[in-house]
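I opened my notebook for a look through a structure that was new to me. Here is what I looked up, entry by entry.

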Amino acid sequence: MSETPAGVEVRPYDPADAEAFWELKRGFELGLGEGTGGDDKLSKYEAKLTDDYRTRYLSWVERCSTDDPGCVVVAEATADDGTSDLVGYAFALPEGMTFIWDAAVLNEIYLAPEYRGSGVADDLMQAVLDHARSQDLPLDRIVLDVDEANDRAQAFYDRYGFDHWGELVARDL
């Protein structure tokens, strides 16, 4: 695990982060489509990123972070000139939703490509694990959904001791 670069801080999400957070969310969604499937998957992920989806998603993030402070964290990089940008985020579902999987759920973790391998993802994961440990869970575990074709993500989760547990299946409605 790498040491976090100077000037990067992991902190709880604030509603004032919404615009920058949305740009990261877009990167997350487009990366899923681009990196783990063909053109069909990418076009499906692109198509969902509508203004309505943006509004609904950001509203949900705000509700989740209000209901369970710390369940959404961001990585903020501050430059020497004092300007700052969000460069990543991690989103654990709020404690009230732990009954979905009887566990903590890592909903999303994303890091801007230029910060990958810098240690920031480790800080985001540590924040999620710390938060999950603070939740009153039916079972003491954390689960996530990761595409089997996403080798980089698989290697990251392997470093943290995640093991395959069941299999998620899906179908179109």
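**Sheet notes**

I began with a facing pair: E76 stands opposite L86 in β3. My ground rules: this is a predicted model, where local features need pLDDT of at least 70, side-chain atom pairs count only at pLDDT 80 or more, and totals for chains, interfaces and linings use all residues. Residues are numbered from 1 along each chain as its sequence is written, and side-chain values use heavy atoms, with hydrogens and water left out.

Strands count as paired if DSSP finds at least two bridges between them.

Next I looked up the whole sheet. It is open, has 5 strands in the order β1-β2-β3-β4-β5, and its pairing is mixed. At the edges I noted β1 (8–12) and β5, each pairing on one side only. From one strand to the next, the twist averages 30°.

Helix α3 (residues 51–67) lies across β2, β3 and β4, running at about 70° to β3. Axes here are lines fitted to C-alpha atoms, for helices over the stretch in contact (heavy atoms within 4.5 Å), and angles run from 0 to 180 degrees between N-to-C directions.

**Ring notes**

I looked up 15 aromatic pairs in the structure. Rings of Phe, Tyr and Trp (its six-membered ring) pair if their centres lie within 6.5 Å; planes under 30 degrees apart are stacked, over 60 edge-to-face, and the rest tilted. Y89 and Y110 make a tilted pair, 6.3 Å centre to centre with 40° between the planes. Y89 sits in strand β3 (residues 84–92) and Y110 in strand β4 (residues 104–111), so this pair ties together parts 21 residues apart in sequence.

Are these two buried or exposed? Y89 is buried at 0% relative accessible area, and Y110 is buried at 11%. Buried means under 20%, exposed over 50%, partly exposed in between (1.4 Å probe, protein chains only).

I also noted a cluster linked by ring pairs, including Y13, W22, Y53, W60, Y89 and Y110.

**Loop note**

My last stop was Q135, in the loop between α4 (120–134) and β5 (142–144). Q135 is buried, with a relative accessible area of 6%. Leaving aside neighbours within four places in sequence, I found Q135 in contact with D68, L93, P94, E95, T98 and A104.

Key. Helices (H or I, at least four residues) and strands (E, at least two) are DSSP runs, numbered from the N terminus.
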